[in-house]
Amino acid sequence: MRFSVNFPFVCIAILCTAASAQNRVPLQPFVQQIRQVQTTLAYLGEPLSPSDQKAIETLVAKTAEAETVSGLQEILDKYVLAVVEINPESRVKVHPGLAKPVLVEAGTRIFLVKVINEAGVTARLAVKSPNELPVYVKSDGSAEPPKQISAADIRDRWMSLSLYDKDPMSERLSGLPLEYRVLEVYSRDRGQHSAEVSFDVGTGTQDIGFLSQMTILFSALPATPLKLRVRDEHGNPSVAAFTIHDGSGRLYPNPSKRLAPDFFFQPQVYRADGESILLPEGAYTVVCSMGPEYRVQRKQVTVSGRGPQEVSFAMQRWIDPVKYGWYSGDHHVHAAGCSHYQDPTQGVRPEDMMRQIQGEKLNVGAVLTWGPCYYYQKQFFTGKDNPLSAPGQVMHYDLEVSGFPSSHAGHLVLLGLKEQDYPHCVRIEQWPTWDLPILRWAKS
């Protein structure tokens with residue numbers, strides 16, 4: 001009898017605590033955190049709707065602090081898949097948000113996680129699921145398929161999810177009573193699948209009674225191949241850059257979980273004539289380009305599950321510099337470091353770089369190995385034009401002396417080398433600490 005009387009009051013107390021946390025959030029840092037979320041969503045190819053972005057600007061211009069905080073939550077809560085509550089003892093519990101759990105086959109969708117932080121925790125928020133796809137990595141950093149996996153594992157491990165905590169987001173929670181985090185969810189399959197999802201802010205922070213986890217029934221829209229046909233000004237099959245958005249402004253394929261040859265840090269992907277991109281049913285804007293010497297073309301395409309889907313482009317030059325004795329080139333391209341992949345491989349391979357050179361219609365591309373991932377990338381240096389080179393499109397691996405002992409004296413770009421290692425040096429640390437001997441060696 002005691003439990004039946006007191007239990008409702010316990011629930012009310014918990015709800016009041018969560019509500020008080022939301023009411024106490026200071027407006028200025030809360031708005032700044034929302035700006036980070038807006039920028040991140042746009043960068044990841046799934047921005048807030050234009051009407052919601054406009055509504056945010058209208059609210060931020062108001063001076064009534066409590067009204068503005070409440071209104072901003074009302075806008076963002078529509079995108080929330082999970083609400084995470086951290087009580088004053090740093091115990092974590094989770095319950096569903098308002099967003100519909102709709103995914104896309106062989107693609108990624110972006111959601112928000114609402115964090116009500118009564119404890120002012122500044123640890124990293126973690127998410128995990130037993131339904132995640134397994135990842136196997138070899139000793140050299142490259143990925144390999146699993147050697148043994150059961151049929152049940154294949155069926156149940158259908159998705160991957162992660163919280164985006166790179167710039168402009170922060171790795172850790174801010175400590176604000178209320179903030180939003182960005183969640184990426186990838187689906188291998190189509191149709192309905194369930195996933196057990198849990199959150200924590202460190203070992204031992206999960207609330208008792210399985211309250212830190214929830215089961216979500218997702219529905220993944222089926223994807224259909226859209227075949228891309230592209231010809232150059234001579235009518236020859238070509239590689240081109242494609243940027244694809246749907247009516248909601250989503251970018252396809254979503255950048256956040258792209259794998260080579262598609263790069264996450266650029267909106268376009270490169271496809272050769274006859275290759276495809278997987279898209280769910282809907283209307284899309286497809287933009288095709290082939291570098292600055294060509295006119296950009298844009299077409300509206302409707303993708304359905306009925307029959308083959310195809311869109312064609314006949315590209316046109318507005319100028320041909322070769323006729324005037326000039327050649328298009330990029331003498332400073334990196335296959336590793338900067339914004340390139342470091343995981344699961346140490347940069348990308350020559351075939352991925354060649355696709356970029358072809359898609360931008362460069363006559364010459366110099367791929368520079370430098371400090372980051374040097375020992376992995378140096379295997380592609382031959383001292384000759386790469387075998388993937390084609391007539392009028394040359395790729396050559398060379399060297400930038402950056403991340404070396406002499407970097408403080410200037411970053412040397414050395415082209416046309418026949419050897420890549422300074423004499424008697426097997427490690428970067430053994431190179432000279434100033435530039436003059438490196439220049440003399442390179443010239444020789």
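Which residues of the largest nonpolar core touch the most other members? The exercises below work towards this and other points.

The model is predicted: local features need pLDDT of at least 70, side-chain atom pairs count only at pLDDT 80 or more, and totals for chains, interfaces and linings use all residues. Residues are numbered from 1 along each chain as its sequence is written, and side-chain values use heavy atoms, with hydrogens and water left out.

**Exercise 1. Find the residues of the largest nonpolar core that touch the most other members.**

Step 1. A nonpolar core is a set of buried Ala, Val, Leu, Ile, Met, Phe, Trp, Tyr and Cys residues joined through side-chain atoms within 4.5 Å. Buried means under 20% relative accessible area, exposed over 50%, and partly exposed in between (1.4 Å probe, protein chains only).

Step 2. Read off the answer. The largest core has 30 residues, and Leu125, Phe199 and Phe218 touch the most other members.

Step 3. At least two residues come from each of β1, β2, β4, β6, β7, β8 (191-200) and β9 (213-221). Strands (E, at least two residues) and helices (H or I, at least four) are DSSP runs, numbered from the N terminus.

Step 4. Look around Leu125. Contact means heavy atoms within 4.5 Å. Neighbours within four places in sequence are left aside; Leu125 then contacts Val84, Val113, Val115, Leu163, Leu173, Arg181, Phe199, Asp200 and Val201.

Step 5. Locate the other core. Another core, of 28 residues, lies apart from this one; among its members are Val367, Met395, Tyr397 and Ile428.

**Exercise 2. Give the strand order of the open five-stranded sheet, then place the helices that pack on it.**

Step 1. Write the order: β2-β1-β4-β7-β6, with mixed pairing. Two strands pair if DSSP finds at least two bridges between them.

Step 2. β2 (92-96) and β6 (159-164) each pair on one side only.

Step 3. From one strand to the next it averages 25°. Angles run from 0 to 180 degrees between N-to-C directions, and axes are lines fitted to C-alpha atoms, for helices over the stretch in contact.

Step 4. Check one pair. β1 (residues 80-86) and β4 (residues 107-117) run parallel and are joined by six bridges. Ala82 has Val113 as its bridge partner in β4.

Step 5. Place the helices. Helix α2 (residues 27-43) packs on the sheet and touches β4, β6 and β7 (178-187). The direction of α2 makes about 15° with that of β7. Helix α4 (residues 65-76) also packs on the sheet, touching β1, β4 and β7. The direction of α4 makes about 5° with that of β7.

**Exercise 3. Describe how α3 and α4 meet.**

Step 1. Two packed helices are described by the angle between their axes and the distance between the axes.

Step 2. Apply them. The axes of α3 (residues 50-60) and α4 come within 9 Å and cross at roughly 170°.

Step 3. Classify. α3 is therefore roughly antiparallel to α4. Angles under 35 degrees count as roughly parallel, over 145 as roughly antiparallel, 65 to 115 as roughly perpendicular and the rest as oblique.

Step 4. List the contact. α3 brings Asp52, Ala55, Ile56, Leu59 and Val60; α4 brings Glu67, Thr68, Gly71, Leu72, Ile75 and Leu76.

Step 5. Sort by class. The contact has seven nonpolar, two polar and two charged residues. Ala, Val, Leu, Ile, Met, Phe, Trp, Tyr, Cys and Pro count as nonpolar, Asp, Glu, Lys and Arg as charged, and the others, Gly among them, as polar.

**Exercise 4. Locate two cis peptide bonds and two positive phi values.**

Step 1. Asp167 and Pro168 are joined by a cis peptide bond, with omega about 5°. Pro168 sits in the loop between β6 and β7.

Step 2. The bond from Tyr252 to Pro253 is cis too, with omega near -20°. Pro253 belongs to the loop between β12 (251-252) and β13 (269-272).

Step 3. Cys373 is not a glycine, yet its phi is positive, near 60°. Its loop runs between β19 (364-369) and α7 (374-377).

Step 4. His424, also not a glycine, has a positive phi of about 70°. Its loop lies between β21 (412-414) and α8 (435-443).

Step 5. Is each residue buried or exposed? Cys373 counts as buried because its relative accessibility is 11%. His424 is exposed, at 83%.
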